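Subject: Structure for your files, with notes

Hello,

Here is the structure we talked about, followed by notes on what was found in it. Please read the notes with the model open beside you.

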Amino acid sequence: MADPAPLGPQDDAAWQARVDLAAILRIAVHLDLHEGVDNHFSVLAPGRIDRFLINPHRRHWSEVRASDIVEVDHQGQPVDDKSPPEATAFHIHSRIHLQCPHAKCVLHTHMRYATALSMLDGVRLEPAVQGALKFYGQIAYDDMFGGLALAADEGDRMAAALGDRRILIQANHGVVVVGPTVAHAFNDLYYLERVCRAQITAMSSGATLKRIPQDVAQHTFEQMQGDRDDQALHHFAAMKRILDRSAQDYAS
(Lines give C-alpha, C1' and ligand atoms only; values in the text may rest on other atoms or scores of the structure.)
Protein backbone atom coordinates (compact mmCIF):
# COMPACT_ATOMS: atom_id res chain seq x y z
CA MET A 1 0.00 0.00 0.00
CA ALA A 2 1.41 3.38 -0.99
CA ASP A 3 2.24 5.95 1.67
CA PRO A 4 -0.23 8.85 1.90
CA ALA A 5 0.72 11.95 -0.05
CA PRO A 6 2.51 14.56 2.06
CA LEU A 7 0.60 17.63 3.11
CA GLY A 8 1.07 20.62 0.85
CA PRO A 9 1.48 24.22 2.06
CA GLN A 10 -2.25 24.88 1.95
CA ASP A 11 -2.97 21.75 3.99
CA ASP A 12 -0.37 22.81 6.55
CA ALA A 13 -1.93 26.28 6.78
CA ALA A 14 -5.43 24.83 7.15
CA TRP A 15 -4.34 22.56 10.00
CA GLN A 16 -2.40 25.36 11.71
CA ALA A 17 -5.50 27.57 11.58
CA ARG A 18 -7.43 24.84 13.40
CA VAL A 19 -4.66 24.44 15.97
CA ASP A 20 -4.53 28.20 16.60
CA LEU A 21 -8.31 28.46 16.95
CA ALA A 22 -8.41 25.53 19.37
CA ALA A 23 -5.56 27.16 21.29
CA ILE A 24 -7.36 30.45 21.91
CA LEU A 25 -10.53 28.62 22.93
CA ARG A 26 -8.51 26.76 25.58
CA ILE A 27 -6.67 29.93 26.57
CA ALA A 28 -9.99 31.75 27.01
CA VAL A 29 -10.99 29.11 29.56
CA HIS A 30 -7.65 29.48 31.33
CA LEU A 31 -8.23 33.26 31.58
CA ASP A 32 -11.96 32.99 32.43
CA LEU A 33 -13.06 34.77 29.26
CA HIS A 34 -15.62 32.08 28.36
CA GLU A 35 -19.24 31.43 29.33
CA GLY A 36 -20.36 27.84 29.69
CA VAL A 37 -20.79 26.18 26.29
CA ASP A 38 -21.78 29.44 24.61
CA ASN A 39 -19.92 32.18 22.69
CA HIS A 40 -17.89 31.56 19.57
CA PHE A 41 -14.55 32.21 17.88
CA SER A 42 -13.91 31.96 14.14
CA VAL A 43 -11.19 32.48 11.53
CA LEU A 44 -11.35 32.48 7.76
CA ALA A 45 -10.18 29.23 6.19
CA PRO A 46 -6.71 29.90 4.74
CA GLY A 47 -6.87 30.91 1.10
CA ARG A 48 -10.66 31.27 1.18
CA ILE A 49 -13.07 34.15 1.59
CA ASP A 50 -16.17 31.96 1.37
CA ARG A 51 -15.48 29.57 4.28
CA PHE A 52 -14.57 29.96 7.91
CA LEU A 53 -13.56 27.77 10.84
CA ILE A 54 -15.57 27.93 14.09
CA ASN A 55 -15.85 26.07 17.37
CA PRO A 56 -18.39 23.21 17.47
CA HIS A 57 -21.90 23.74 18.79
CA ARG A 58 -22.39 23.36 22.56
CA ARG A 59 -18.92 21.98 23.23
CA HIS A 60 -17.13 23.33 26.28
CA TRP A 61 -14.05 25.21 25.16
CA SER A 62 -11.81 23.26 27.54
CA GLU A 63 -12.54 20.14 25.47
CA VAL A 64 -12.14 21.50 21.94
CA ARG A 65 -9.31 20.07 19.84
CA ALA A 66 -8.10 21.17 16.42
CA SER A 67 -9.81 18.15 14.86
CA ASP A 68 -13.15 19.24 16.38
CA ILE A 69 -13.19 22.63 14.65
CA VAL A 70 -15.99 22.98 12.08
CA GLU A 71 -15.44 24.47 8.61
CA VAL A 72 -18.57 26.02 7.14
CA ASP A 73 -19.49 27.90 4.00
CA HIS A 74 -21.37 31.20 4.01
CA GLN A 75 -24.69 29.38 3.78
CA GLY A 76 -23.92 27.78 7.13
CA GLN A 77 -23.29 24.30 5.75
CA PRO A 78 -20.36 22.26 7.05
CA VAL A 79 -17.96 21.19 4.32
CA ASP A 80 -17.30 17.89 6.10
CA ASP A 81 -19.44 15.49 8.14
CA LYS A 82 -19.54 17.66 11.29
CA SER A 83 -22.68 19.29 12.68
CA PRO A 84 -23.40 22.92 11.75
CA PRO A 85 -22.52 25.70 14.20
CA GLU A 86 -25.03 27.28 16.55
CA ALA A 87 -27.41 29.59 14.65
CA THR A 88 -26.40 32.88 16.28
CA ALA A 89 -22.74 31.98 15.78
CA PHE A 90 -23.30 31.58 12.06
CA HIS A 91 -25.32 34.76 11.60
CA ILE A 92 -22.84 36.91 13.54
CA HIS A 93 -19.60 35.51 12.18
CA SER A 94 -20.58 34.94 8.56
CA ARG A 95 -21.83 38.49 8.08
CA ILE A 96 -18.82 40.10 9.77
CA HIS A 97 -16.38 37.97 7.78
CA LEU A 98 -18.17 38.87 4.55
CA GLN A 99 -18.62 42.60 5.14
CA CYS A 100 -15.52 43.58 7.13
CA PRO A 101 -12.38 42.67 5.12
CA HIS A 102 -10.06 43.29 8.08
CA ALA A 103 -11.96 40.72 10.17
CA LYS A 104 -10.05 37.56 9.30
CA CYS A 105 -10.55 36.39 12.87
CA VAL A 106 -13.76 37.16 14.81
CA LEU A 107 -14.05 36.59 18.56
CA HIS A 108 -17.37 36.96 20.37
CA THR A 109 -17.55 36.64 24.15
CA HIS A 110 -19.59 37.65 27.16
CA MET A 111 -16.44 38.16 29.24
CA ARG A 112 -17.12 39.69 32.63
CA TYR A 113 -15.85 43.27 32.66
CA ALA A 114 -16.37 44.15 29.00
CA THR A 115 -19.94 42.84 29.29
CA ALA A 116 -20.45 44.84 32.48
CA LEU A 117 -19.42 47.95 30.56
CA SER A 118 -22.00 47.10 27.87
CA MET A 119 -24.71 47.10 30.55
CA LEU A 120 -24.12 50.72 31.59
CA ASP A 121 -26.26 53.26 29.78
CA GLY A 122 -24.16 55.58 27.63
CA VAL A 123 -20.86 54.51 29.21
CA ARG A 124 -17.81 54.25 26.94
CA LEU A 125 -14.35 52.84 27.42
CA GLU A 126 -12.56 56.02 28.46
CA PRO A 127 -8.95 57.06 27.74
CA ALA A 128 -8.22 56.99 31.46
CA VAL A 129 -5.45 54.40 31.67
CA GLN A 130 -2.50 53.74 29.39
CA GLY A 131 -3.75 50.31 28.27
CA ALA A 132 -7.01 51.77 26.96
CA LEU A 133 -5.06 53.86 24.46
CA LYS A 134 -4.28 50.66 22.54
CA PHE A 135 -7.93 50.92 21.43
CA TYR A 136 -8.22 54.68 21.04
CA GLY A 137 -10.53 55.31 18.08
CA GLN A 138 -10.85 51.55 17.47
CA ILE A 139 -14.07 50.81 19.38
CA ALA A 140 -17.52 50.90 17.82
CA TYR A 141 -20.71 50.77 19.89
CA ASP A 142 -23.98 49.08 19.06
CA ASP A 143 -26.40 50.76 21.45
CA MET A 144 -29.46 48.74 20.46
CA PHE A 145 -30.00 45.24 21.77
CA GLY A 146 -32.08 43.43 19.17
CA GLY A 147 -32.49 40.01 20.74
CA LEU A 148 -30.79 36.82 19.57
CA ALA A 149 -29.03 36.99 16.20
CA LEU A 150 -31.23 34.38 14.51
CA ALA A 151 -31.27 36.02 11.08
CA ALA A 152 -28.75 37.49 8.68
CA ASP A 153 -30.07 41.03 9.12
CA GLU A 154 -28.94 41.07 12.76
CA GLY A 155 -25.44 40.04 11.71
CA ASP A 156 -25.55 42.68 8.97
CA ARG A 157 -26.42 45.31 11.56
CA MET A 158 -23.49 44.27 13.73
CA ALA A 159 -21.11 44.30 10.77
CA ALA A 160 -22.30 47.79 9.79
CA ALA A 161 -21.82 49.03 13.36
CA LEU A 162 -18.30 47.57 13.50
CA GLY A 163 -17.22 49.10 10.19
CA ASP A 164 -13.44 49.20 9.89
CA ARG A 165 -12.76 49.15 13.64
CA ARG A 166 -11.33 46.33 15.73
CA ILE A 167 -13.88 46.14 18.54
CA LEU A 168 -17.65 46.26 18.80
CA ILE A 169 -19.20 46.68 22.25
CA GLN A 170 -22.75 45.36 22.05
CA ALA A 171 -25.24 46.94 24.43
CA ASN A 172 -26.63 44.51 27.03
CA HIS A 173 -24.77 41.65 25.38
CA GLY A 174 -20.97 41.44 25.14
CA VAL A 175 -18.22 42.18 22.66
CA VAL A 176 -16.89 41.30 19.23
CA VAL A 177 -13.15 41.62 18.66
CA VAL A 178 -11.66 41.17 15.18
CA GLY A 179 -8.19 41.07 13.72
CA PRO A 180 -6.04 40.06 10.76
CA THR A 181 -4.86 36.92 12.56
CA VAL A 182 -5.82 34.76 15.53
CA ALA A 183 -2.87 36.18 17.46
CA HIS A 184 -3.88 39.82 16.89
CA ALA A 185 -7.53 39.25 17.77
CA PHE A 186 -6.67 37.28 20.91
CA ASN A 187 -4.19 39.94 22.05
CA ASP A 188 -6.85 42.64 21.73
CA LEU A 189 -9.43 40.47 23.51
CA TYR A 190 -7.10 39.94 26.44
CA TYR A 191 -6.12 43.59 26.87
CA LEU A 192 -9.68 44.82 26.30
CA GLU A 193 -10.88 42.79 29.28
CA ARG A 194 -8.00 44.11 31.39
CA VAL A 195 -8.76 47.76 30.68
CA CYS A 196 -12.50 47.24 31.13
CA ARG A 197 -11.73 45.70 34.52
CA ALA A 198 -9.59 48.71 35.42
CA GLN A 199 -12.35 51.16 34.43
CA ILE A 200 -15.14 49.27 36.20
CA THR A 201 -12.97 49.08 39.33
CA ALA A 202 -12.17 52.81 39.20
CA MET A 203 -15.83 53.72 38.58
CA SER A 204 -16.87 51.65 41.61
CA SER A 205 -14.96 54.10 43.83
CA GLY A 206 -17.47 56.82 42.95
CA ALA A 207 -14.65 59.25 42.13
CA THR A 208 -14.32 61.03 38.78
CA LEU A 209 -12.19 59.36 36.13
CA LYS A 210 -9.06 61.32 35.17
CA ARG A 211 -9.14 61.26 31.37
CA ILE A 212 -6.02 61.53 29.24
CA PRO A 213 -6.14 64.52 26.82
CA GLN A 214 -7.13 63.65 23.24
CA ASP A 215 -3.86 64.70 21.65
CA VAL A 216 -1.84 62.60 24.11
CA ALA A 217 -4.23 59.67 23.67
CA GLN A 218 -3.89 59.78 19.88
CA HIS A 219 -0.11 60.10 20.05
CA THR A 220 0.15 57.16 22.45
CA PHE A 221 -2.14 55.05 20.26
CA GLU A 222 0.14 55.69 17.29
CA GLN A 223 3.20 54.80 19.37
CA MET A 224 1.59 51.50 20.37
CA GLN A 225 0.83 50.48 16.79
CA GLY A 226 4.53 50.10 16.04
CA ASP A 227 4.78 47.31 18.61
CA ARG A 228 1.41 45.70 17.91
CA ASP A 229 2.59 42.84 15.71
CA ASP A 230 5.51 41.91 17.96
CA GLN A 231 3.41 42.00 21.12
CA ALA A 232 0.57 39.93 19.63
CA LEU A 233 2.84 37.22 18.23
CA HIS A 234 4.95 36.89 21.38
CA HIS A 235 1.90 36.91 23.66
CA PHE A 236 0.15 34.20 21.64
CA ALA A 237 3.28 32.07 21.44
CA ALA A 238 3.72 32.31 25.21
CA MET A 239 0.12 31.26 25.85
CA LYS A 240 0.52 28.27 23.53
CA ARG A 241 3.63 27.22 25.48
CA ILE A 242 1.49 27.21 28.63
CA LEU A 243 -1.00 24.95 26.84
CA ASP A 244 1.80 22.69 25.64
CA ARG A 245 2.72 22.07 29.29
CA SER A 246 -0.82 21.53 30.57
CA ALA A 247 -3.25 20.60 27.77
CA GLN A 248 -1.35 19.29 24.77
CA ASP A 249 -4.39 17.58 23.27
CA TYR A 250 -5.66 20.94 21.94
CA ALA A 251 -3.42 20.42 18.90
CA SER A 252 -4.73 16.93 18.14
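Two strands are taken as paired if DSSP finds at least two bridges between them. The model is a predicted one.

The sheet

On that rule there is an open sheet of 7 strands, with mixed pairing and the order S3-S2-S1-S4-S7-S6-S5. Strand S3 (70–73) and strand S5 (139–142) are at its edges; each has a single partner strand, so one side of each has no neighbour in the sheet. On average, neighbouring strands of this sheet are turned by 20 degrees against each other, direction ignored.

Strand S4 (residues 105–109) and S7 run antiparallel and are joined by 5 bridges. Within this pair, Val-106 has Val-178 of S7 as its bridge partner. Helix H2 (residues 87–99) packs on the sheet, where it touches strand S1 (40–44), strand S2 (51–54), S3, S4 and S7. The direction of H2 makes about 35 degrees with that of S1.

Gly-174

Strand S7 covers residues 174–179, and Gly-174 belongs to it. Is Gly-174 buried or exposed? Its relative accessible area is 0%, and the cut-off for buried is under 20%, so Gly-174 counts as buried. Leaving out residues up to four places away in sequence, Gly-174 touches Thr-109, His-110, Thr-115, Ser-118, Leu-168 and Ile-169. Gly-174 and Leu-117 are 57 residues apart along the chain, and their C-alpha atoms are separated by 8.6 Å.

The largest pocket has a volume of about 300 Å³. It is lined by 21 residues, of which Asp-38, Asn-39, His-40, Glu-86 and Thr-88 are the closest to its centre. H2, the helix that packs on the sheet, gives the most to this lining, with 3 residues. By class, the lining of the largest pocket has 8 nonpolar, 9 polar and 4 charged residues.

The second largest pocket has a volume of about 250 Å³. Of the 15 residues that line it, Ala-17, Val-43, Leu-44, Pro-46 and Pro-180 are the closest to its centre. Helix H1 (9–30), S1 and helix H5 (182–203) are the elements that give two or more residues to this lining. Which of the elements gives the most to the lining of the second largest pocket? That is H1, with 4 residues. The lining of the second largest pocket divides into 9 nonpolar, 3 polar and 3 charged residues.

Cavity

Rolling a probe the size of a water molecule over the atoms shows where empty space is left. How many cavities of 30 Å³ or more does the count give? The count comes to 1. About 50 Å³ of space lies in the largest cavity.

The residues that line the largest cavity are Asp-142, Met-144, Phe-145, Gly-146, Gly-147, Glu-154, Arg-157, Met-158, Gln-170, Ala-171 and His-173. Helix H4 (residues 152–162) provides the largest share of the lining of the largest cavity, 3 residues. By class, this lining has 4 nonpolar, 4 polar and 3 charged residues.

Regards

Terms used:
Residues are numbered from 1 along each chain as its sequence is written. This is a predicted model: local features need pLDDT of at least 70, side-chain atom pairs count only at pLDDT 80 or more; totals for chains, interfaces and linings use all residues. Side-chain values use heavy atoms; hydrogens and water are left out. On a 1 Å grid over the protein atoms alone, a cavity is a set of points where a 1.4 Å probe fits but cannot get out, and a pocket is an open set with protein on both sides within 12 Å along at least five of seven lines; lining residues have an atom within 4 Å of a point. Grid points are joined across faces, edges and corners, and a volume is the space filled by probe spheres set on the points. Ala, Val, Leu, Ile, Met, Phe, Trp, Tyr, Cys and Pro count as nonpolar, Asp, Glu, Lys and Arg as charged, and the others, Gly among them, as polar. Buried means under 20% relative accessible area, exposed over 50%, partly exposed in between (1.4 Å probe, protein chains only). Contact means heavy atoms within 4.5 Å. Axes are lines fitted to C-alpha atoms, for helices over the stretch in contact, and angles run from 0 to 180 degrees between N-to-C directions.
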